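Here are my notes on the model you passed along.

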Amino acid sequence: MSGDPAVAKTPPNTDDAASAGAVEIKSAKKKARRPSAKAAAKIIEERIGHTFADPALLATAFTHVSALKSARRGDSYQRLEFLGDHVLGLIVSDMLYRAFPKADEGELSKRLADLVRREACADVAKSLGLDEAIKLGSVGAGAGARLRNSVLGDICEAVIGAVFLDGGYAAAAQFVERNWTERMRKPVRPLRDPKTILQEWAQGKGLPTPVYREVERTGPHHDPQFRVAVELPGLTPAEGVGGSKRAAEKLAATALLKREGVTGGNDA
């Protein structure tokens, strides 16, 4: 008999098909787990306790300069941080004035400084889970984690600025009062910082004012680490490392106070 021979069909590779199907299922599950931008914003609004009429303000409050595609630094959280810093100071000052009617200006100032410092703002941001929404540029995992921690206080102030612009003073005051009232009533740190305590201790010993010297600066421009030494005549210098010179100086002072057995120097 003549005719074309039957062409054998190669059966599909079931292993490859199964593998491809598994990848598609895994990808689908991953996408399903990742909330949309709108849903993510809603979660943050619930944590903040304010629904934004202008969602762009909320997005800007969480945008680090490293995530910008343009050179316009004003599109990052920095301008909102500037505003939020002063709004926070006004609201907390009002809270303190009403809560401590017998306190003099000096005590009120010390309490204010403790409540509005970067570390306090960072604690609030962390307690609300705001670190999960920070938008960073392309950085390594370790560098990204350090950067998130270093900007948490700034993000919190930016959020306050955004709430103030979107909802006015009353909305900002509600946010601050919810998150600062308990801290105001029960300070987690002494009202005097370790630099003040060290200076008073040195004066009591007849020593000059402590000298703080920057030993080293490492890390990128947007996430620096400072190592500072504090020096007093006749004593071995003590060092501290922090994300700012002030933080490093306080840690250095704390280290020296602890080494010399001086009480009250545990505020860093």
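The numbered points below start with confidence and then go through the cores, the annotated site, a loop residue and the sheet.

1. Confidence first. This is a predicted model, with a mean pLDDT of 83 for the protein and 77% of its residues at 70 or more. By element, helix α4 comes out on top with a mean of 97, while helix α1 (residues 14-33) has the lowest mean, 49. Residues 25-32 fall below 50, and beyond near neighbours in sequence that stretch makes 0 contacts in the model. I'd keep that stretch out of any discussion of packing.

2. Then the main core. The largest nonpolar core has 43 residues, and the members touching the most others are F62, V159, V176 and W180. Two or more residues come from each of α2 (37-48), α3 (55-61), α4 (78-99), α5 (105-116), α6 (118-127) and α7 (141-185). The top contributor is α7, with 16 residues. A separate core of 12 residues lies apart from this one, and I197, L256, L257 and V262 are among its members.

3. F62 deserves a click. Setting aside neighbours within four places in sequence, F62 is in contact with I44, L130, A133, I134, K135, I155 and V159. V159 is itself one of the residues that touch the most other core members.

4. Now the annotated site. Which positions does UniProt give as "active site"? The unreviewed entry puts that feature at D85 and E157. They are spread over 73 residues of sequence, yet they cluster in space, with a largest C-alpha distance of 5.4 Å. D85 sits in helix α4, and E157 belongs to helix α7.

5. The two site residues, one at a time. Is E157 buried or exposed? E157 has a relative accessible area of 7%, so it counts as buried. For D85 the relative accessible area is 32%, so that residue is partly exposed. Beyond residues up to four places away in sequence, E157 touches L80, E81, G84, D85, V116 and C121.

6. A loop residue to look at. T63 is placed in the loop between α3 and α4. Its relative accessibility is 12%, under the 20% cut-off, so T63 is buried despite its loop position. Leaving out neighbours within four places, T63 has contacts with L68, D75, S76, Y77 and K135. K135 is also in the contact list of F62.

7. The sheet. Three strands make an open, antiparallel sheet in the order β1-β2-β3. β1 (211-218) and β3 (238-242) are the edge strands, each pairing on one side only. From one strand to the next the twist averages 25 degrees. β1 and β2 (residues 225-231) pair over 7 bridges in the antiparallel sense, and in that pairing Y212 has V230 of β2 as its bridge partner.

8. And what lies across the sheet? Helix α9 (residues 245-259) lies across β1, β2 and β3, and runs at about 145 degrees to β3.

Methods
Residues numbered from 1 in each chain as written. Predicted model: local features only at pLDDT ≥ 70, side-chain atom pairs only at ≥ 80, totals over all residues. Heavy atoms only, no water. Core = buried A, V, L, I, M, F, W, Y, C linked by side-chain atoms within 4.5 Å. Buried < 20%, exposed > 50% of the residue type's maximum accessible area, 1.4 Å probe, protein only. Helix = DSSP H or I, 4+ residues; strand = E, 2+ residues; numbered from the N terminus. Contact = heavy atoms within 4.5 Å. UniProt positions renumbered as here; feature names shortened; annotations may be inferred. Pairing = 2+ DSSP bridges. Axes fitted to C-alpha atoms, helices over the stretch in contact; angles between N-to-C directions. pLDDT = per-residue confidence, 0-100.
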